[in-house]
Structures are given as structure tokens and as C-alpha cells.
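Subject: A structure for you to look at

Hi,

Here is the structure I promised to pass on. Please open it alongside this email and follow along as you read.

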Amino acid sequence: MAAVRHRRRRANWLMTEECVVDRPTGESEYDPKTHESKPKVERVYTGKCRLRQQTSYGVAPTDGGHTYEIQTTECHFPWRAFDAKVNDVITVTGWRYPFRIRGLINMTHATAMRVLVDAVVD
């Protein structure tokens, strides 16, 4: 077990990004200045993280005659930093767009909490 603790410290050392994680509450609030409704969110985490782009894997779907590669992006957080849920939104300081959690990664002897994310580009 000491080896796992050592690897968790190393994983934390690699987390050099700062981020916040917000969870949609299912409610919305009206902004009278913009005349738009925005979803209400609750902040569930503030702290460090790490983004990791996986290499392409062997799927090349075709959509409307366009073939493209699918890449997987992971976001890592300190072990048990918060209770991640699918659809939580991660905003990383300095990045142009937020990421939405699309899947949780479960592992034996995990050194960090890892989630699969998709970029939110509207």
C-alpha cells in the first residue's frame, strides 16, 4: 500500500493546471441583461488537475462523407478530490473552452481520479 501512496503523490505532482468543476442542478435562472436563461450550477471542486490527450484509437467514423479520427481526452484529479458525475463541467484556467465529463474511469490501485471528457464548443 505504501507504493500506491507514493504513486499518488507523484500523480499529484503532475497536476499543474488549476480548474473548477461545476455541476448542473437541473434548474435555470433568467438573466434580465441578456434576456436568456442559463442553467444553475453548484461548484463541487476547486483545485488542481491534469489534462491528458490519448493517442487516436482505431475508429474512423464517417459523417456526411467526412472521415475523422476519434481521440480520447482524460482529466485527472487528486485521489478522492470530489464525487465526480457524468455531465459535470470542468473549466481549466487558461483554456478556451470547458470540458464535460462523459465517463468515469474505475481502476484497481488508482493513483488519481480519472474521468473521460469532451470539449464543450458551442
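First, the background. This is a predicted model, in which local features need pLDDT of at least 70 and side-chain atom pairs count only at pLDDT 80 or more, while totals for chains, interfaces and linings use all residues. Residues are numbered from 1 along each chain as its sequence is written, and side-chain values use heavy atoms, with hydrogens and water left out.

The protein has 1 helix and 8 strands (DSSP runs, numbered from the N terminus: H or I of at least four residues for helices, E of at least two for strands). From the N terminus, the order is α-β-β-β-β-β-β-β-β. Of its 122 residues, 30% are buried (under 20% relative accessible area, with a 1.4 Å probe and protein chains only).

Now find H76, which sits in strand 5 (residues 73-77). H76 is buried, because its relative accessible area is 3%. Its side chain makes a polar contact of 2.7 Å with that of E74 (a pair of N or O atoms within 3.5 Å, one able to donate a hydrogen and the other to accept it; residues adjacent in sequence count only if both atoms are side-chain atoms). Beyond its neighbours within four places in sequence, H76 is in contact (heavy atoms within 4.5 Å) with residues including M15, C49 and A112.

Happy exploring!

Note on methods. Buried means under 20% relative accessible area, exposed over 50%, partly exposed in between (1.4 Å probe, protein chains only).
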